[in-house]
Amino acid sequence: MSRPSRADAERNRLRVLDVAEEQFAERGDAVQMAEVARAAGVGVGTVYRHFPNRQALVEAITERRFARILTFVEERCLPQPDTRGALLCFLTHVGEVHEQGRGLSGVIEATFGSTAPRGEVGAALLAVGETLVSRGRADGALRDDVTVADLYMTVGAVAILSRDSIGDWRRFVDITLDGLRPR
């Protein structure tokens, strides 16, 4: 019996991640590892070889989700010359990610007790937030007393509002950005 090549193994790992992410987004916490394996077209042993338990699978999906958010913000939001536009871009993207992946957000929160980014990606997102806040204070788009903690409190609120479908999260973003402007 031959062992799969590294390229095959990596393709299987990515396929499992893609399928698990889709299933968690659609069905939330009800998804089982065997269902992921079946939908990915691999054996359950392949799933467990890459992800020894459900938490490891959710962690990999979570890290990938936040890495995608980081990439989006770095490539699409930070380059915008208008700080308010960059912040609107960032907050809107966060809202859309959570709105489209409600089930996945619930799985992440159930697994880790929070949907906040962690690790290196979390630190990188904080650095991006600090860049936006510093830029906004310098160019007059934000009040001088606005901190990165204020921005991430807003990010968390947008995530909850969009994930849980509580009111109009886009209106909340507009009102909040207006409130962060200098008086």
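Q: What is the relative accessible area of arginine 84, and how is arginine 84 classed?
A: A residue is buried under 20% relative accessible area, exposed over 50%, and partly exposed in between (1.4 Å probe, protein chains only). Arginine 84 has a relative accessible area of 22%, so this residue is partly exposed. The model is predicted: local features need pLDDT of at least 70, side-chain atom pairs count only at pLDDT 80 or more, and totals for chains, interfaces and linings use all residues. Residues are numbered from 1 along each chain as its sequence is written, and side-chain values use heavy atoms, with hydrogens and water left out.

Q: What is the mean pLDDT of the protein chain?
A: pLDDT is the predictor's confidence in each residue, from 0 to 100. The protein chain has a mean of 94, and 97% of its residues reach 70 or more. Helices (H or I, at least four residues) are DSSP runs, numbered from the N terminus.

Q: With which residue does aspartate 178 form a salt bridge?
A: Side chains of opposite charge can pair when their charged atoms come close. A salt bridge places a side-chain nitrogen of Lys or Arg within 4 Å of a carboxyl oxygen of Asp or Glu. Aspartate 178 has arginine 84 as its partner, with the closest N and O atoms 3.2 Å apart. This pair links distant parts of the chain, since aspartate 178 lies in helix H9 (residues 169–180) and arginine 84 in helix H5 (residues 83–100), 94 residues apart. Aspartate 178 is partly exposed at 41% relative accessibility.

Q: How many salt bridges does a search of the whole structure find?
A: The search finds 15. One of the salt bridges joins the side chains of glutamate 21 and arginine 68 (2.9 Å, N to O). Glutamate 21 belongs to helix H1 (residues 6–27) and arginine 68 to helix H4 (residues 54–77), 47 residues apart. Glutamate 21 is buried, at 17% relative accessible area, whereas arginine 68 is partly exposed, at 42%. Aspartate 145 and arginine 143 also meet in a salt bridge (3.0 Å, N to O). Through shared partners, salt bridges join Asp18, Glu21, Arg64 and Arg68 into one network.

Q: How many aromatic pairs are counted?
A: Rings of Phe, Tyr and Trp (its six-membered ring) pair if their centres lie within 6.5 Å; planes under 30 degrees apart count as stacked, over 60 as edge-to-face and the rest as tilted. The count comes to one pair. The ring centres of phenylalanine 90 and tyrosine 152 are 6.1 Å apart and their planes stand at 70°, so the pair is edge-to-face. Phenylalanine 90 is in helix H5 and tyrosine 152 in helix H8 (residues 148–163). Both phenylalanine 90 and tyrosine 152 are buried.

Methods
Helix = DSSP H or I, 4+ residues; strand = E, 2+ residues; numbered from the N terminus.
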